[in-house]
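Please look over the structure shown here before reading on. The briefing that follows takes a few residues and helices in turn.

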Amino acid sequence: MTDLADLADVGRDLRRGGYSRHGFDRVELELREWFTEEARRRGLDVRPDRNGNLWAWWGAPGPGAVVTGSHLDSVPGGGAFDGPLGVVSALQAVDLLRAGGFEPAKPLAIVVFVEEEGGRFGVACLGSRLMTGAITPEAAARLTDADGVTFGEAAHAAGFDPLRMGRDEPALAHVGAFVELHVEQGRGLDVPVGLASSILAHGRWRYTFTGEGNHAGATLMEDRRDPMLPAAQLVVAARRAARDGARATVGRIAPNPGGTNVIASSVDVWLDARADDEPHTREVVERITSAARRAAADEGCEVRVAEESWGGTVLFDPALMADVRRAIGEDTPALPTGAGHDAGILAAHVPTAMLFVRNPTGVSHAPAEFAEADDCAAGVAALAATLEHLASA
Ligand code: GLV
Ligand code: MN
Ligand code: MN
Ligand code: MN
């Protein structure tokens with residue numbers, strides 16, 4: 001909790017509440033410096049990879065490494081726990097293992113992934129997607145933030161070469177197992193610590209509705225081609241289409257030019273959709289898209305749809321989960337989650353598991369996100385026991 005308190009003033013968003021910390025912005029770079037110092041103070045060898053992720057090694061980097069970690073960025077106006085809890089817990093777990101005299105037989109590493117939330121450049125898990133080849137460096141470099149800065153430019157300013165980014169075979173070959181600790185993000189866990197069993201299939205889509213910009217007072221209602229109309233109907237369609245455990249959210253909408261007395265000429269609407277499997281998710285999005293197309297036609301507007309990111313259902317590694325249970329208790333519950341994680345990207349490449357710390361409010365991606373100190377301590381103990389078990393001879 002002291003470590004989280006160290007970070008408490010970094011990146012506070014006074015306008016939205018909570019925190020706004022985004023990949024390679026001033027605040028995230030400050031947090032990375034904090035992490036680097038904390039890791040070096042513990043004698044860990046900190047090395048950035050070429051995709052903008054930070055690695056802190058206990059022992060020489062090599063194959064079979066036991067890796068833990070998470071991210072330090074947040075959504076706009078996010079909570080204090082999503083991301084930082086996994087990083088802080090990793091440092092604390094190292095302290096706990098050291099205090100117990102543990103000498104790892106395998107290399108151990110803490111990783112901090114860049115731009116996990118996609119809060120700045122739109123694609124979540126950007127650092128782990130680059131590392132695994134799930135996004136090409138060319139596509140990543142072109143992603144643009146709200147100020148028109150590209151990911152390539154931001155990476156370059158942070159000391160990384162966007163031309164050298166992309167699938168990192170040696171880094172992947174080092175990872176023998178990856179275990180990410182994270183605050184649980186719903187109301188699914190009623191004991192201090194649990195495991196994740198799976199992650200929903202998940203994608204993001206951008207709908208651009210184009211109509212005719214005009215005067216709010218001088219334009220008769222029957223003369224309008226107002227793209228806000230189909231945009232609004234997309235929001236309603238999302239609520240109606242998400243059934244049987246599917247989730248569909250419009251959390252971001254940008255009318256252009258965005259004036260109270262101006263009929264917008266175009267509107268961008270971002271849809272986040274998730275469901276148990278790929279066909280179900282696609283079906284939900286198709287229903288929403290059909291409704292959006294009908295609404296656009298009714299209003300004499302055009303609509304363009306772009307898939308900004310996609311990931312299928314993730315099942316965490318049963319053998320690794322069994323190992324974690326041997327370390328922390330056979331009765332540890334496992335629950336599916338609707339939240340995305342770098343662990344979900346890595347799971348397609350290396351044995352991966354997740355530890356969840358109870359969330360008493362069920363709130364996440366918002367300032368009220370919370371975990372009790374005792375539960376966080378239980379999370380650190382579970383992570384330390386897991387690392388000890390996995391990194392023993
Ligand atoms: C990331 O936390 C996400 O689930 O969107
Ligand atoms: Mn998150
Ligand atoms: Mn997270
Ligand atoms: Mn006027």
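This is a predicted model: local features need pLDDT of at least 70, side-chain atom pairs count only at pLDDT 80 or more; totals for chains, interfaces and linings use all residues.

Glu 388 belongs to helix α12, which covers residues 373-391.

**Around Glu 388**

- Once residues up to four places away in sequence are set aside, Glu 388 touches Leu 97 and Phe 102.
- Val 324 is 64 residues from Glu 388 along the chain, and the C-alpha atoms of these two residues are separated by 10 Å.

**Ala 196 in strand β6**

- Ala 196 lies in strand β6, which is made of residues 193-199, and it counts as buried because it has 28 C-beta neighbours inside 10 Å, where 20 or more are needed.
- Apart from its neighbours within four places in sequence, Ala 196 is in contact with Phe 316, Ala 334, Leu 335, Thr 337, Met 354 and Phe 356.
- Ala 196 and Glu 283 are 87 residues apart in sequence, and from C-alpha to C-alpha they are 25 Å apart in space.

**Helix α2 and its two faces**

- Helix α2 is formed by the 16 residues 26-41, and it reaches 23 Å from its first C-alpha to its last, which is close to the 22 Å expected at 1.5 Å a residue.
- The buried residues in α2 include Glu 28, Leu 31, Arg 32, Phe 35 and Ala 39, and because they cover an arc of only 100° around the axis, they are on the same side of α2.
- The elements covering the buried residues of α2 include β1 (45-48), β2 (54-58), α3 (84-99) and β4 (108-113).
- On the face of α2 turned away from its buried side are the exposed residues Arg 26, Glu 33, Glu 37, Arg 40 and Arg 41.
- After α2 comes Gly 43, which has a positive phi near 80°.

**The pair α8 and α9**

- Helix α8 (residues 228-241) packs with helix α9 (residues 278-298) at an angle of about 150°, and their axes are 9 Å apart.
- Since angles over 145 degrees count as roughly antiparallel, α8 and α9 are therefore roughly antiparallel to each other, and their crossing is right-handed.
- Among the residues of α8 that meet α9 are Leu 229, Pro 230 and Gln 233, while those taking part from α9 include Val 284, Arg 287 and Ile 288.

Note on methods. Residues are numbered from 1 along each chain as its sequence is written. Chains are lettered from A and ligands numbered from 1 in the order in which they are written. Helices (H or I, at least four residues) and strands (E, at least two) are DSSP runs, numbered from the N terminus. The expected span of a helix is 1.5 Å times one less than its number of residues. A residue is buried if 20 or more other C-beta atoms lie within 10 Å of its own, exposed if 12 or fewer, and partly exposed in between; C-beta atoms are placed from the backbone. The arc is that of the directions from the helix axis to the C-beta atoms. Two residues are in contact if their C-beta atoms, placed from the backbone, lie within 7 Å. Axes are lines fitted to C-alpha atoms, for helices over the stretch in contact, and angles run from 0 to 180 degrees between N-to-C directions. Angles under 35 degrees count as roughly parallel, over 145 as roughly antiparallel, 65 to 115 as roughly perpendicular and the rest as oblique. A crossing is left-handed if the near helix is turned anticlockwise from the far one by less than a right angle, and right-handed if clockwise.
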